[in-house]
Amino acid sequence: MAEPVAAQEIETVYQAESRRALATLIRLLGDFDLAEEALQDAFEAALQQCPREGLPAHPRAWLVSTGRFKAIDALRRHARFTPWDEVAEQVMAMAADPPPDEELIADDRLRLIFNCCHPALNLDAQVALTLREVCGLSSEQIAHAFLVPLPTMAQRLVRAKTRIRVARIPYEVPPREALAERLDAVLRVVYLVFNEGYSASSGEAVTRHDLSAEAIRLGRLLLELLPDPEARGLLALMLLHDARRHARTTHDGEMVLLADQDRRLWDRARIDEGVALVTEALRSGRFGAYTLQAAIAAVHAEALDAASTDWPQIVGLYDVLQRVDASPVVALNRAVAIGMRDGPAAGIAAVDAAMASGALRQYHLAHAARADFLRRAGRLPQAREAYETALGLAKQAREIRFLQRRLDECRPDGTPT
């Protein structure tokens, strides 16, 4: 007789296997919504069957097979209201599919990531669909993460799925000649999710660990399924940043800058893993912007304290990064590194040069960086002006409070406004 199984144990197995099973069901059924309904039906069947018969030997394959047959039954029931010839071909195709094996299921997970990040979808839709289908977040969780109403997020997901169906976007890993371009889109989506978790763009919280954790999980999955140097570099970058998470805020939740963080709170295991990954990526000789950013983060992570940071090496890495992936933000970060290497006057000149194009005019961190160098140089009236500009552009509540404190420190008597 099978050992009795508690509902909690079934739930644990389901949580571990459901996203892999869903990826295969989407391939077999050709429809996101039908696959999600089928997976839910399979879970309900497990809740009824497993307490009596025990857990199946291969839970993932069982969920796929059960879900597929549940979908076939649903289509047959639907045929009572729709001409049979409109659904017969789909039903027969499903029934003819061979049982899934572990290698196919692994491929399906990679297919699903590329499907969700297809360039036919806009970036917002790519992010939302990846969080929903690959990570398993609910529509409510995604809406909350990006501070949009639930109906807005629900519509975004529906439009993305409809676009995939209408455009007949193939459920496949791109061919080798197109892989590099498509992988860039996938990595961009993963890093965007991480950044929203690591430095929330607005609201009260400085970080959203649930989102950064999902991005790291996605990064591990990508590297497992597609061991590309830039996938390795991106995972390294996320781990090295996330290693500092517990030191980035005070006990009451206020911001702490990198130079002021208690490095004893940094996660050394994550740092060691990140450094090993970025070292391997650099050795490949086929690295790009994510690996270079990870190398910069590794220099910070390996410094015993802020004073011993190797700023010349960081400037050199930014020089390379600017050639590989030039952007206004990279130019700003390089300018800050120059100021930290050569002093406040050099920092002011470098930040002004980075801001000269006007691309950073609405970027609060550019004005904050300029203000900091002006403060260090003793040019307090100009520092106050720059801090006020940064304050007017900032949206994150705790960044606003931090900038206000800096502004107050620059007043002649040090009193807050």
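A cavity is a set of grid points where a 1.4 Å probe fits but cannot get out. In this predicted model, the largest cavity holds about 70 Å³ of space.

**Enclosed space**

- The structure contains one cavity of 30 Å³ or more.
- The lining of the largest cavity consists of Ile-10, Val-13, Tyr-14, Phe-43, Ala-46, Cys-50, Leu-55, Pro-56, Pro-59, Trp-62 and Leu-63.
- By class, this lining comprises 11 nonpolar residues, with no polar and no charged ones.

**Second largest pocket**

- The volume of the second largest pocket is about 500 Å³.
- Two or more residues of its lining come from each of helix 1, helix 2 and helix 8 (150-166).
- Helix 8 is the greatest contributor to the lining of this pocket, giving five residues.
- The lining numbers 15 residues, and those nearest the pocket centre are Gly-30, Asp-31, Ile-164, Arg-165 and Ile-169.
- Six nonpolar, three polar and six charged residues make up the lining of the second largest pocket.

- Arg-168 is located in the loop that joins helix 8 to helix 9 (176-198).
- Although Arg-168 is not a glycine, its phi is positive, at about 55°.
- Most residues other than glycine have a negative phi.
- Arg-168 has a relative accessible area of 72% and is therefore classed as exposed, the cut-off being over 50%.

**Helix 17 and its surroundings**

- Helix 17 spans residues 364-376, a run of 13 residues.
- From its first C-alpha to its last, helix 17 reaches 18 Å, close to the 18 Å expected at 1.5 Å a residue.
- Its buried residues are His-364, Ala-366, His-367, Ala-368, Ala-369, Ala-371, Asp-372, Phe-373 and Leu-374.
- The cover over these buried residues includes helix 15 (328-342) and helix 16 (344-355), together with helix 18 (380-393) and helix 19 (397-409).

Key
Residues are numbered from 1 along each chain as its sequence is written. This is a predicted model: local features need pLDDT of at least 70, side-chain atom pairs count only at pLDDT 80 or more; totals for chains, interfaces and linings use all residues. Side-chain values use heavy atoms; hydrogens and water are left out. On a 1 Å grid over the protein atoms alone, a cavity is a set of points where a 1.4 Å probe fits but cannot get out, and a pocket is an open set with protein on both sides within 12 Å along at least five of seven lines; lining residues have an atom within 4 Å of a point. Grid points are joined across faces, edges and corners, and a volume is the space filled by probe spheres set on the points. Ala, Val, Leu, Ile, Met, Phe, Trp, Tyr, Cys and Pro count as nonpolar, Asp, Glu, Lys and Arg as charged, and the others, Gly among them, as polar. Helices (H or I, at least four residues) and strands (E, at least two) are DSSP runs, numbered from the N terminus. The expected span of a helix is 1.5 Å times one less than its number of residues. Buried means under 20% relative accessible area, exposed over 50%, partly exposed in between (1.4 Å probe, protein chains only). Contact means heavy atoms within 4.5 Å.
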